[in-house]
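Please open the model in your viewer and keep the selection tool at hand. The stops below move from charged pairs to a group of strands.

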Amino acid sequence: MKFIPHTEEERRQMLAALKINHTDQLFQDIPEEVRLKRDLNVAGGLSEMELSRHMADLAKLNSGTDEYICFLGAGAYDHYVPSAVKHILSRSEFYTAYTPYQPEISQGVLQSIFEYQSMIRILTGMDAANASMYDGASALAEAALMACATTKRDAVVVARTVHPEYRETLNTYMSGPGIKVTEVNYQDGVTTVQEAAKVLDKNTAALLVQYPNFFGCIEDLTGLAEAAHAVGALLVVCADPVALGLLKSPGQCGADIVVGEGQALGLPLSYGGPYVGFLACKDKFLRRMPGRIVGQTVDVDGKRSYVLTLQAREQHIRRDKATSNICSNQALCALAVTVYLSLVGKKGLRQVAESCVQKTAYTRDLLAKIPGYELPWTTPVFKEFVIKTSRAPAEINRQLLRHNILGGLDLGLYYPELAGHMLICVTEKRSQQEIELLAQRLGAIA
Amino acid sequence: MTEKLIFELSSPGRQGITFPDIDVPTAPLQKLLPGNYLREEAPDLPEVSELDTVRHFVRLSRMNFGVDVGFYPLGSCTMKYNAKVAEDAASLPGFTNLHPYQPAELTQGALQLMYEMQRDLAEITGMDEFTLQPAAGAHGEMTGMLIIKAYLESRGETKRTKVIVPDSAHGTNPASATMCGFKVVEVKSDERGGVDLESLKQVLGPDVAALMLTNPSTLGLFEDNIKEIADLVHRAGGLLYYDGANLNAIMGYARPGDMGFDVVHLNLHKTFGTPHGGGGPGSGPVGVKAKLAPFLPKPVVVKQGDRYDLDYQRPQSIGRVKAFYGNFGVVVKAYTYIRALGGGGLKQVSEHAVLNANYIKHRLSDQLRIPFPRLCMHEFVASPPKDLKEKGVKTLDIAKRLLDYGYHPPTVYFPLIVEEALMIEPTETENKETLDQFADSLIKVLAEARENPDTLKNAPYTTPVRRLDEVTAARKPVLGWFPE
């Protein structure tokens, strides 16, 4: 397959216009010594029919959540995606456009981002949001950099209850400018204000926590905010946006910057990406915000319209002085979030969140009654919980797979002290029957 | 034509989608979550029907310009046609329904695809190993520079704190280097548009970590001194970083790895035809020479016998730059694109991208000022004729007038070193007729500028909204909807 439209006659005319015989003459600036003198060894050249078959064959080598009952969460969630979301996303006026550099012909994406920013602001309880980040993990790292720039300090404190891969990402980002990262341990599944206060000091730019945290437990944001503010540090919260349909917003609890992963709001699991990070903050930090931002304005005729704004912070203008290097972000994924939140609306998001809470509580109670399984903590949870198992989680998961169940995450891989513990996730998609099947199978294994 | 905000279409009690009743025995919410954790009121999201929602976003889509709508010669962005077959492939349930923590035995197809992609990209660029983790080109730049930093540190070379960037570079280059803790030093371009070797020699020294280079450059020119540049940088103990934004010009003709580059990033959404999505998701894989491979982000996809797996045992790895394995869905599309074309097809892509760019440049060469009158690669940079300046017509005015002719304008005011720059990149997927019509339109616009400059200064006339007040937007930012 080729996507090159040139006919032989057109090629001839173009070469004639350029007064050359062969296109090779266009490449004469490439010195002999660096020329590739053989063909690229890359398979392909398939017709569309062969290609469709090949891709379908590859896809068939995978078995996903349409074949298995999914109790895996840990940062990627099997929530329901309304049909209309993918239909809007497949409008090619949206997906074949680039960054809206020419606002006159990009009002569609600009307005959708403005609406996205509004919705993220409302959910997080912040003053303003940007036009999206790569994912939750990199958004958290960017928030840490933002806090360091704002406070002019070069150390951050992160709770161990933050997603392990988010902490790894944070460490990678901090290694560049040489920012010190200290971790705070947890008790009963949550970060205590006392433990946090011990490691916070006047060099700390930010305390970073997750809400609900990696174990599904709900952190005491208000207390943690006070502890951070007491030493002049910011509170950065990495929040599950679905939970924000029900829980107090981080803004209300004293957070300064709120980030998170938006995948749960209308994006498929897709083996980990593309997802979408969000980032929102208080007005006073606005000019330190990374990434792109859309603002409302008027055109020459006074019509309300939207445009990329505060570009003086951005890399194409400020170069090495920019607030971040973000250029392409995740605009189409942000559109999915906007459509999702429009469809579920005020009531629907709360319904989804309540459904998660109720089903998780039901599952937790049910599993805790099975011999060989116990709850390490009684801390309130949202859509995930930790359970201690008498047999190795890897072994349990292998057995569950035979019954088409994707079991929980083996926590020993990430927390040595939690070897023999699993993280189970229950979204609104899990039915009573599926939950009871899980309990039944776990009972049989134990 | 303007469109109300979705919030303004809201009516209390309306809902776009309903959910089933909870089918498990429930407990009072207050018993499950302490009251002080709960919101008093549901968040103020819009309340609209499904039809309201669909119509709203379809109306918005009609106010948006994509490659499927018309010619999009946005320089340095490579806005080529995005094959529909790749969209279909990426939406196969076997790809979309995979949880990232599923065991490898259930994701062999996905892992095979990623593995083959890593190998293909290595072959195309002449590098040894690849990571698919970075989410976009700039993210790849940061990843690449952190790899360089980790490599130098592993050799005890901690005094190498400077990164050299040409004055024509993308803004992301200096921004990425700075994020990694490097100090940026700019090097000038010479009169042929390449890196000025004398200036380069002056800044090279024991404190230099790397030189970041785009080749072909942002001026659309092939850096023909590349071997000498590579030797100079390597002799000074630094590494050479390749910004892959312009790879579309050279596939099958030359490889960064053979030119002496140590690290490259690619933009799958540019060269490998995945949609740009209105500004993302992109994908920015990073490739390295063998000596740098231990520092790649983890995990890396590996093949053991017939089985594919994720390798986390990489003690020297820089860590990870995002959760999970990258923008997998985008990788599926790029993989589909590569399998459509194969090695021979990829070379034809570059051949025709360069042919198209030179053809448009030829058509416009007596109309615009071409600062570097050499053969261009897949794009070229020009300035408007001198007499327009006297009439007060700017490049921006030309761009805005082109909107009325149904085009997305070229990139404007970049690279920074060219006066009133206009950067045109037609890509290989446009036919001669489109190129001719565009050239004719631009010539007509230049004529209009001479006859009646105000026509351009007040353009566009036919778009949903006209010139926007960007200054007020930045001075008094209104960044979201607030209830009245």
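Which residue forms a salt bridge with Arg59(B)? Select Glu3(B): the closest N and O atoms of this salt bridge are 2.6 Å apart, where a salt bridge is a side-chain nitrogen of Lys or Arg within 4 Å of a carboxyl oxygen of Asp or Glu. The pair links distant parts of the chain, 56 residues apart, with Arg59(B) in helix H2 of chain B and Glu3(B) in the segment before H1. Arg59(B) is partly exposed at 36% relative accessibility, whereas Glu3(B) is buried at 9% (buried is under 20% relative accessible area, exposed over 50%, partly exposed in between, with a 1.4 Å probe and protein chains only).

This is a predicted model, in which local features need pLDDT of at least 70 and side-chain atom pairs count only at pLDDT 80 or more, while totals for chains, interfaces and linings use all residues. Residues are numbered from 1 along each chain as its sequence is written, chains are lettered from A and ligands numbered from 1 in the order written, and side-chain values use heavy atoms, leaving out hydrogens and water.

Next, select Asp23(B) and Lys359(A), whose side chains meet in a salt bridge at 3.3 Å, N to O. Asp23(B) lies in the segment before H1 of chain B and Lys359(A) in helix H11 of chain A, so the pair joins two chains. Lys359(A) is buried, with a relative accessible area of 5%.

Finally, go to strand E12 (residues 384-389) of chain A, where five of six residues are buried. Five bridges join E12(A) to strand E15 (residues 421-425) of chain A, and the two run antiparallel; strands pair if DSSP finds at least two bridges between them, and helices (H or I, at least four residues) and strands (E, at least two) are DSSP runs, numbered from the N terminus.
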